Amino acid sequence: MSWRGHLSLRYSRDGERTISHDRHEGPLRVLQRLYPEGPGICHHVLVHPPGGIVGGDELDIEAKLAAGTHALITTPGATRFYRSNGAHAAQRAVLHVADGARLEWLPLESIAFSGCLAGNRVELDLAPEGEAIGWDVLALGLPAAGEAFTAGAFSQHLELPGRWLERGRIAASDARLLDSPLGLDGQRVMATAWFARGAPLDDARRNRLLDAARDCAAASLLAPRCGITSPHESVVVLRALAARVEPAMTLLQQVRAAWRRHAWGLEPNAPRIWQT
């Protein structure tokens, strides 16, 4: 039996407080909103009670942030795409950020189990003065458990329309892509982080964000397999390869903390759920 799930999140401003309203259909929920940083920043934990995504499942998430709001959305654990019997599974997120609003899209890693046929799509819709920090981490198989990704395929799509598009399909049968030094070089974890704005960043601010990410990368064990660039005036992107999830997540959390300080003047305040 396949699942169809839809979660709609709406954030608005009530005085100094960011408040939220959510509606769901099927197996997608958010836990009670939290305010560990004060009333202006709403932390939300997105949960999927079935515990994994299988062939035929379709999960859609839509978030809309009104002017002046700040929302942080994360998950309590990995999103697991399990082996398929032939049907395709999909998770899609469309994230709308109004002028003066800030979004942090920080789900924990996705795991593509051997035999899955699945895709993950994230699309940003930013007003000129809307800003977002986000990341996407994909693990092919379970490297730490010795369970290789030997069958199936997984596609990724990350987009800020007209300015940045990262799209690819990884098939377990594509040994050249997976193992060549010009491909993944035997690494099975891919990480992407971004800072994006609807309108172009001024040069000084963009360079500060680039330098902050490069400083984090230079101090990381992943430095040889990490790069930071600005594919458009409104976007800064970090990409890294790793053998396991933990060093990739550590790097992304450090970069997110640096970007928060440089762009927004905020301390990291990592969600408590990451420590459980």
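These are my notebook entries on a predicted model of one chain.

**Ground rules.** I number residues from 1 along each chain as its sequence is written. The model is predicted, so I take local features only at pLDDT of at least 70 and side-chain atom pairs only at pLDDT 80 or more, while totals for chains, interfaces and linings use all residues, and side-chain values use heavy atoms, with hydrogens and water left out.

**Overall build.** I looked up the secondary structure and found three helices and 17 strands. Helices (H or I, at least four residues) and strands (E, at least two) are DSSP runs, numbered from the N terminus. The radius of gyration of the chain is 18 Å, close to the 19 Å from the globule rule for 276 residues, so the chain is as compact as a globular protein of that length. That radius is taken over C-alpha atoms, and the rule is 2.2 Å times the number of residues to the power 0.38. I also noted the box filled by the C-alpha atoms along the principal axes, roughly 50 × 45 × 35 Å.

**Surface and contacts.** The accessible surface of the chain comes to about 12300 Å², and carbon and sulfur atoms hold 49% of it. Areas come from the Shrake-Rupley method with a 1.4 Å probe; for residues, only the protein chains shown count as cover. Of the 276 residues, 54% count as buried. Buried means under 20% relative accessible area, exposed over 50%, and partly exposed in between (1.4 Å probe, protein chains only). Among contacts (heavy atoms within 4.5 Å) between residues at least 6 apart in sequence, 71% join residues at least 24 apart.

**Cores.** I looked for nonpolar cores, meaning sets of buried Ala, Val, Leu, Ile, Met, Phe, Trp, Tyr and Cys residues joined through side-chain atoms within 4.5 Å. The largest has 47 residues, and L95, L103, W105, L140 and W194 touch the most other members. Apart from it lies another core of 40 residues, including F113, F195, A213 and A242.

**Helix α3.** I checked the length of α3, residues 245–264. The expected span is 1.5 Å times one less than the number of residues. G265 follows α3 and has a positive phi, near 65 degrees.

**A243.** This residue is in the loop between β17 (235–242) and α3. A243 is partly exposed at 43% relative accessible area. Not counting residues up to four places away in sequence, A243 touches P143, Q187 and V189. L201 is 42 residues from A243 in sequence and 33 Å away in space, C-alpha to C-alpha.

**E147.** I found E147 in the loop between β12 (131–140) and β13 (153–160). At 44% relative accessibility, E147 is partly exposed. E147 and S114 are 33 residues apart in sequence, with 7.9 Å between their C-alpha atoms.

**H43.** This residue sits in strand β4, residues 42–47. H43 is buried, at 5% relative accessibility. The C-alpha atoms of H43 and H70 are separated by 8.8 Å.

**Cysteines.** I searched for disulfides (pairs of cysteine sulfur atoms within 2.5 Å) and the count is zero. The sulfur of C226 is 9.4 Å from the closest cysteine sulfur, in C216, too far for a bond. C42 is buried, at 0% relative accessible area.
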